[in-house]
Amino acid sequence: MPPGDSRRLDPALLFTLVLLTAVMFQDPVRGALASPAAQSWMTVFVAVVVQALPFLVLGVLLSAAIAVFVPPSFFVRALPRRPALAVPAAGAAGAVLPGCECASVPVAGALVRRGVAPAAALAFLLSAPAVNPVVLTATAVAFPDRPGMVLARFVASLLTACAMGWLWQCLGRADRLRPPSRPSYGARGGGAAFWGSVRHDVTHAGGFLVVGATAAATLKALVPARWLSAAADHPVLSVLVLAALAVVLSICSEADAFVAASLTQFSPTARLAFLVVGPMVDLKLFALQAGTFGRAFALRFAPATLALAVLFSALTGAVLL
């Protein structure tokens, strides 16, 4: 090969090598897949993905439509001018304007740039992916025998969003909230911006769904039941464990209810904490918030949100579940 040429693996050759390897080791692979643990893993994984996928796609389509076709100035006109009143109004707006976490961060940044009070924009950022109709419908489908989970998720999430908005209004500093100046989706043109947003969100949300389903299936099939039972049987520890799991898994809010429903070892309150924390505080959201508003903001906002989400989940679960 001449100097300066880069060695690149032909995709067709790579596929052929993988296929030959699979054929050579088909007997051990078939035996492994036939084991009870593998069968249980595949059952849970497929069930979570198949149930969640329609809601994920619907949520992405609605989120892209709002991000592209609803101008940010609409929110400026619709929200009250007083921040104390704008916070619950923005939180309630999240209940009728669907959007996943990936879309809510840039939308919140656009709202701040267009003059919306930061406290209201942050309340919308937290509520939109947590209490919108797609997410609540998915929760109802995932918990058909526990309709109170839908109301509990709505109440705990909305309380957390409003409390964080008011907390920022009282204690937040403007120099820690620095949304970048960049064009909105609409600057690219309606159709191109819409499908660009759909492709971006499907790629990211679909990847996180697969990761979440893999983790849920692994917990169900491979982790010794006594380990999960030890945490699940402790009222406080179970809530903290599932809250931490929600942070690490970073599952899209349109799909997390099906993962939570599969964690049957844990109490309803612990699973509620998983549902409330996930759309508001997780690893991907922290990265998005740091990139949009600055690291100083994210380092303070995420821990405070996590604490309030766990608190309101425990209180709401104790009352409604």
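Student: Why is Pro80 called partly exposed?

Tutor: Pro80 has a relative accessibility of 33%. Buried means under 20% relative accessible area, exposed means over 50%, and partly exposed is in between (1.4 Å probe, protein chains only). The value of 33% therefore places Pro80 in the partly exposed class. The model is predicted: local features need pLDDT of at least 70 and side-chain atom pairs count only at pLDDT 80 or more, while totals for chains, interfaces and linings use all residues. Residues are numbered from 1 along each chain as its sequence is written, and side-chain values use heavy atoms, with hydrogens and water left out.

Student: Where does Pro80 lie, and which residues does Pro80 touch?

Tutor: Pro80 sits in the loop between helix 4 (72-78) and helix 5 (83-93). Helices (H or I, at least four residues) and strands (E, at least two) are DSSP runs, numbered from the N terminus. Contact means heavy atoms within 4.5 Å; not counting residues up to four places away in sequence, Pro80 touches Leu85, Ala86 and Ala89.

Student: What makes Arg153 buried?

Tutor: The relative accessible area of Arg153 is 0%, so Arg153 is buried. Arg153 belongs to helix 9. Leaving aside neighbours within four places in sequence, the contacts of Arg153 include Val135, Thr139, Asp256 and Pro279. Arg153 and Leu136 are 17 residues apart in sequence, and their C-alpha atoms are 8.0 Å apart in space.

Student: Why does Ser127 count as buried?

Tutor: Ser127 has a relative accessible area of 0%, and therefore it is buried. Ser127 is placed in helix 7. Not counting residues up to four places away in sequence, Ser127 is in contact with Ala90, Gly91, Gly94, Asn132 and Ala161.

Student: How is the packing of helix 8 against helix 9 described?

Tutor: Two packed helices are described by the angle between their axes and the distance between the axes. Axes are lines fitted to C-alpha atoms, for helices over the stretch in contact, and angles run from 0 to 180 degrees between N-to-C directions. The axes of helix 8 (residues 133-142) and helix 9 (residues 148-171) come within 8 Å and cross at roughly 145°. In this contact, Val135, Leu136, Thr139 and Ala140 of helix 8 meet Met149, Val150, Arg153 and Phe154 of helix 9.

Student: What classes of residue make up the contact of helix 8 with helix 9?

Tutor: The contact has six nonpolar residues, one polar and one charged. Ala, Val, Leu, Ile, Met, Phe, Trp, Tyr, Cys and Pro count as nonpolar, Asp, Glu, Lys and Arg as charged, and the others, Gly among them, as polar.

Student: What makes a set of residues a nonpolar core, and which residues have the most contacts inside the largest one?

Tutor: A nonpolar core is a set of buried Ala, Val, Leu, Ile, Met, Phe, Trp, Tyr and Cys residues joined through side-chain atoms within 4.5 Å. The largest core has 80 residues, and those with the most contacts inside it are Phe143, Phe266, Phe274 and Val277. Helix 7 (residues 118-131) gives the most to this core, with 11 residues. A second, separate core of six residues includes Val60, Ala64, Val68 and Phe194.

Student: How many helices and strands does the protein have?

Tutor: The protein comes to 16 helices and zero strands. Of its 321 residues, 47% count as buried.
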